[in-house]
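Please have a look at it on the screen before I go on.

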Amino acid sequence: MSTKVAIVTGSNKGIGLAIVRALCKEFRGDVYLTARDIGRGQEAVTSLASDGLTAMFHQLDINDINSIIAAAAYFKDKYGGVDVLVNNAGIAFKEGDPTPFAVQAEVTLKTNFFATMDMLTHFMPLIKAGGRVVNVSSFVSSLTLNKCSATLQQRFRSEDITEEELVGLMQQFVDLAKKGELQKGGWPDTAYGTSKTGLTTLSMILARRLSKERPNDGILLNACCPGWVRTDMAGDKAPKSPEEAAITPVYLALLPPGATDPHGKFVSDKEVQPW
């Protein structure tokens, strides 16, 4: 039997590190903590080791396509593919950040949507039969969806939206943000929310594609909301600890063999949410 492998992106701190910690305890196989910064990543691995938990490290910057390609080649070569992929890496500007909104829009969507999509483009072909893919989205994605124009809502919810159409919509948001014309285009003025609406919708598109192209492989792909969590990103007033936030992503990553659902859903507190 080849060794199973689980990968968590952006996992040197916060929710990502908590997911790695839980997988080290519950997943039978190698667990990879990944981070842009090698020093910070290895520090996190050392901190887990001091708690008696063994994680491996691989450098991975999802904003660097060459880093994604190198990581994909490594996992294909060493493990023949990937059993669990948790796309956790993401960014958010703080409330009151002076960075111009046009820049916030471009930078936020670049990481949370476009770079995560690049990860999925290169890693989906590596997902083994029975594999699990978890995209860490946010409850803000459904709040944002409901603030979009009726036309946009219809597209984001439709069963026939394609990856190409979705990419066009995400690019449209960035372009209109630069022109200061979001309202005219039917968009709310939240870059983080829009990036996560895109990610949840992308998850649904890719799940439908899996069901069509690999119907017998039993792969389950979902988006989830970890909740409002005390992290560097969300601040210290949030109600949930990173460990509590990891519960739903880990539940989806470890759905038992033979399970058929949830798949292509938006899940929060282990429950499928309306979209």
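Let me start with D118, which sits in helix α4; please keep in mind throughout that what we are looking at is a predicted model. With a relative accessibility of 27%, D118 falls between the 20% and 50% cut-offs and therefore counts as partly exposed.

Which residues does D118 touch, once its neighbours within four places in sequence are left aside? The answer is I65 and I68, and in the case of I65 the C-alpha atoms lie 7.2 Å from each other although the two residues are 53 apart along the chain.

The crossing of α3 and α4 is right-handed. On the α3 side the contact involves I65, I68, I69, A71, A72 and F75, while α4 contributes A115, D118, M119, H122 and F123; sorted by class, that makes 9 nonpolar residues, 1 polar and 1 charged.

Stepping back to the whole protein, the secondary structure amounts to 10 helices and 8 strands. The radius of gyration is 18 Å, close to the 19 Å given by the globule rule for 275 residues, so the protein is as compact as a globular protein of that length. Finally, 53% of the 275 residues count as buried, and, among contacts between residues at least 6 apart in sequence, 72% join residues at least 24 apart.

Note on methods:
Residues are numbered from 1 along each chain as its sequence is written. This is a predicted model: local features need pLDDT of at least 70, side-chain atom pairs count only at pLDDT 80 or more; totals for chains, interfaces and linings use all residues. Side-chain values use heavy atoms; hydrogens and water are left out. A crossing is left-handed if the near helix is turned anticlockwise from the far one by less than a right angle, and right-handed if clockwise. Helices (H or I, at least four residues) and strands (E, at least two) are DSSP runs, numbered from the N terminus. Contact means heavy atoms within 4.5 Å. Ala, Val, Leu, Ile, Met, Phe, Trp, Tyr, Cys and Pro count as nonpolar, Asp, Glu, Lys and Arg as charged, and the others, Gly among them, as polar. Buried means under 20% relative accessible area, exposed over 50%, partly exposed in between (1.4 Å probe, protein chains only). The radius of gyration is taken over C-alpha atoms; the globule rule is 2.2 Å times the number of residues to the power 0.38.
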